[in-house]
Amino acid sequence: MTDPRKARVATVSLAGCFGCHMAILDMDERLIGLMEKVEFDRSPLTDIKTFTRRCDIGIIEGGCCNEENVHTLIEFRKNCDVLIALGQCAIMGGLPAMRNAIMHAAEPLRECLEEAYISGPYLRNMTRLIPNDPVLPLVLDRVYPCSEVVDIDYQIPGCAPSGDIIYSTLATLLDGRFTGFDREDIRFD
Amino acid sequence: MIETAGVGAAQDLEIAEICARFGNDRHRMLDILLDVQEARRWISPASMDAIAAAVGLTRIAVEGVASFYSFLSLAPKGRVTIRLCDDIVDRFAGLDAVVAAFAEELGIAPGETSADGAFSLEYTPCIGMCDQVPAAMINEVVAVRLTKARAREIAQRLKAGIAPGEAVLPGFAELGVQERVRAQVENNIRQAGEVLLGPVMQDRGLQAAMAMEPGAIIDAVEASGLRGCGGAGFTTGRKWRFAAGTQADRRIVICNADEGEPGTFKDRVMLTERADLVFEGMTIAARAVGALEGIVYLRGEYRYLLDHLHAVLEERRARGVLGQGFDIRIQLGAGAYVCGEEGALISSCEGLPGEPKTRPPFPVTRGYLGFPTVVNNVETFAHVARLLDQGPGWFHAMGTERSHGTKLFSVSGDCERPGVYELPYGQKVRDLLALAGAEHAAAVQVGGPSGTMIGRDSFDRCLSFDDLATGGAIIVFSSQRNILEIVDYYMSFFVHESCGYCTPCRVGNVFLKKAIEKFRKGQASDEDITYLKELSGTIIETSRCGLGMTSPNPVLSSLENFPLVYAALTRPSKDGVKATFDIQSAIDGARGIAKRRSYIFDKDFSK
């Protein structure tokens with residue numbers, strides 16, 4: 001009997017800070033054992049930018065703040081059997097979702113962009129313009145957690161999640177015996 | 001409004017005088033602030049400084065109280081403040097048109113004060129007039145059954161400088177104290193029962209009690225099976241026994257007349273028609289537990305009853321049945337629903353913000369100012385007076401096995417005969433609906449927002465502590481009403497009334513309301529149903545007072561009894577993508593700002 005094929009994993013950072021991807025590296029030497037069971041497909045870690053094959057697991061860092069995030073997330077949903085939201089930004093919107101608090105203005109998005117690029121007191125923006133290069137994706141009206149855009153199968157909490165919780169989740173998922181998180185693994189330090 | 005130094009000094013004298021009237025007692029803070037509010041139409045920073053100096057508190061302690069109650073204002077209010085009752089029943093009865101009429105005549109929108117300082121217009125939750133909607137308070141005067149035309153007429157009179165009483169009821173000034181009460185508000189007693197609203201002999205219960213030992217009074221009350229009528233249904237006799245059994249120098253009897261549960265107005269009728277009986281019951285309770293002080297906590301919305309109640313108290317003193325040892329004062333509330341909770345009510349009587357207290361200790365051992373305190377509902381005290389007159393056996397024989405005697409029901413909403421019904425416990429909902437002319441009801445909210453919403457399949461359930469417990473509110477909804485609009489309204493009520501002490505209640509109720517809004521907008525998935533249930537469970541489990549423990553009930557009971565309403569509004573995901581996420585509306589604002597279309601989601605580009 002041949003060895004079972006390695007599980008294919010894809011990862012992406014949407015409206016996140018790459019901290020959760022750094023946290024993946026916090027698995028330290030356990031990564032070596034894990035790499036015997038998985039291979040990375042589309043991911044910043046491999047620099048593969050489009051799906052080459054269907055993947056078993058998709059790991060999403062960050063929520064959706066612009067249309068490209070939405071597009072990418074839907075691509076992941078289409079191409080991955082299991083989708084994991086990694087970290088608070090993916091789960092709740094996180095820090096970028098602070099702009100959702102601007103909700104009582106007539107045009108909250110315009111107010112947000114104007115403060116960020118034009119009227120904020122600590123700005124140095126010589127153009128006095130809101131960036132609008134055609135290559136920039138359109139910004140969403142607010143930041144959405146991943147679960148409001150697509151079905152998410154698992155959510156790994158933390159900011160960033162610890163290497164331990166990421167490892168134990170992936171290891172037990174790959175063995176088909178994931179039953180939930182250990183209480184002590186759920187923390188935000 | 002800027003206070004100049006000269007005016008400020010003159011005002012201080014007035015405030016010093018108000019504080020002195022209450023003995024510069026910090027425990028009378030609410031009374032002081034209410035009087036300052038009435039004199040000045042707001043509680044200014046300078047006023048707070050003056051009050052703090054007079055009663056020996058810090059300014060922030062005064063502000064803590066002043067900012068807690070919605071009838072106290074930290075910004076100048078108009079000389080005439082019109083508070084429109086924003087209950088769901090008022091909304092369904094045409095509140096919008098009434099608001100529009102007031103707003104147009106006075107030139108201000110709800111929440112605003114006119115530039116000349118003459119008028120303020122605002123919304124307030126249920127003012128206890130659900131049987132005669134839409135209703136409003138104009139200063140302390142109550143105006144009921146408002147229509148667009150009537151609102152215009154009142155507003156025009158007010159603009160002409162006519163006092164609120166005259167503006168609502170021409171000839172008001174000539175009326176006596178009791179006549180004014182009855183002229184403003186209808187009683188709508190639809191069914192008088194044997195105990196409370198039928199013929200009642202004055203002071204007979206008290207005479208019987210005076211001939212009994214205090215312990216024997218408690219025995220009689222316990223034997224009657226009487227349970228508290230405010231909603232929780234604690235056995236009255238046991239409550240008294242605890243208070244009497246606690247060693248203390250002082251004991252206090254408090255009557256809870258903070259009838260704030262939307263849809264409840266039975267206490268209003270009791271205080272209008274049977275005030276004597278209520279005070280009699282309090283006097284009996286005082287004898288039973290050994291109290292010399294009594295307080296009636298009257299909700300601010302019932303300010304119009306105050307003179308009438310004072311007159312009844314005065315008359316009782318003159319008759320010698322009050323004031324010889326035991327006496328009663330009336331503590332006016334200031335528009336806070338949570339003060340109906342006994343701990344919060346006691347806090348409020350103590351001159352503090354109306355926040356509930358941690359239990360235990362329970363008020364019966366450590367209540368008002370730390371002394372054993374009996375808090376009972378208006379209706380409960382009236383029952384006490386009657387059962388001592390007629391005997392506990394008489395009372396015990398009525399009702400069901402675990403709910404004895406009669407109960408007052410406040411019926412409102414979509415029915416032909418809204419009003420108060422006194423019925424023995426154990427009636428079927430269906431029978432009460434038939435009496436009220438509401439056979440075609442589609443949903444009934446039993447016990448107000450914190451109670452249970454039931455549908456037609458539950459109309460054979462019984463109104464008693466064994467089945468459907470209620471403080472008395474029965475709100476009827478016809479098949480034309482939107483269940484989720486009702487639930488949404490009730491959640492906005494709890495969001496408004498949460499005192500904010502417990503985060504799960506302060507924040508959780510906002511999230512519950514948002515989730516309900518999601519259903520109403522058709523943006524919910526079936527996961528949201530799970531979310532509603534889990535969040536409700538958390539709020540109930542982690543709130544310290546009854547408000548948070550019951551605030552998710554509109555959601556939970558409508559989910560339980562009207563599941564198809566929710567199911568009909570959920571949309572399943574399609575190919576793993578949420579049907580409820582609308583990318584077009586999400587990028588529409590950015591399209592306008594960037595003045596270009598989407599390269600990804602606009603068809604011209606993607607195809």
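This is a predicted model: local features need pLDDT of at least 70, side-chain atom pairs count only at pLDDT 80 or more; totals for chains, interfaces and linings use all residues.
Okay, let's start in chain A, with strand S1, residues 7-13. How many of its residues are buried? The count is 7 of the 7, so S1(A) is largely enclosed by the rest of the structure. In general, side chains in a regular strand alternate between the two faces of the sheet. Here, A:Ala7, A:Val9, A:Thr11 and A:Ser13 point one way, while A:Arg8, A:Ala10 and A:Val12 point the other way.

Now over to chain B, and strand S12, residues 419-424. For S12(B), 5 of the 6 residues are buried, so this strand too is largely enclosed by the rest of the structure. Which way do its neighbours run, parallel or antiparallel? Strand S6 of chain B, residues 189-191, runs parallel to S12(B), with 2 bridges joining them. Within that pairing, B:Gln191 has B:Tyr421 as its bridge partner. Strand S11 of chain B, residues 406-413, runs antiparallel to S12(B), and 6 bridges join those two. B:Ser410 is the one standing opposite B:Val420 there. And if you follow the chain from S11(B) to S12(B), you go through a hairpin of 5 residues.

Last stop, a helix pair, also in chain B. We describe two packed helices by the angle between their axes and the distance between the axes. For helix H20 of chain B, residues 483-497, and helix H24 of chain B, residues 553-561, the angle is about 160 degrees and the axes are 9 Å apart. Anything over 145 degrees counts as roughly antiparallel, and that is why H20(B) gets that label relative to H24(B).

What actually touches? From H20(B) you have B:Ile483, B:Val487, B:Tyr490, B:Met491 and B:Phe494. They meet B:Pro554, B:Val555 and B:Ser558 in H24(B). Sort the contact residues by type and you get 7 nonpolar, 1 polar and no charged.

That's my tour, thanks.

Conventions:
Residues are numbered from 1 along each chain as its sequence is written. Chains are lettered from A and ligands numbered from 1 in the order in which they are written. Side-chain values use heavy atoms; hydrogens and water are left out. Axes are lines fitted to C-alpha atoms, for helices over the stretch in contact, and angles run from 0 to 180 degrees between N-to-C directions. Helices (H or I, at least four residues) and strands (E, at least two) are DSSP runs, numbered from the N terminus. Angles under 35 degrees count as roughly parallel, over 145 as roughly antiparallel, 65 to 115 as roughly perpendicular and the rest as oblique. Contact means heavy atoms within 4.5 Å. Ala, Val, Leu, Ile, Met, Phe, Trp, Tyr, Cys and Pro count as nonpolar, Asp, Glu, Lys and Arg as charged, and the others, Gly among them, as polar. Buried means under 20% relative accessible area, exposed over 50%, partly exposed in between (1.4 Å probe, protein chains only). Two strands pair if DSSP finds at least two bridges between them.
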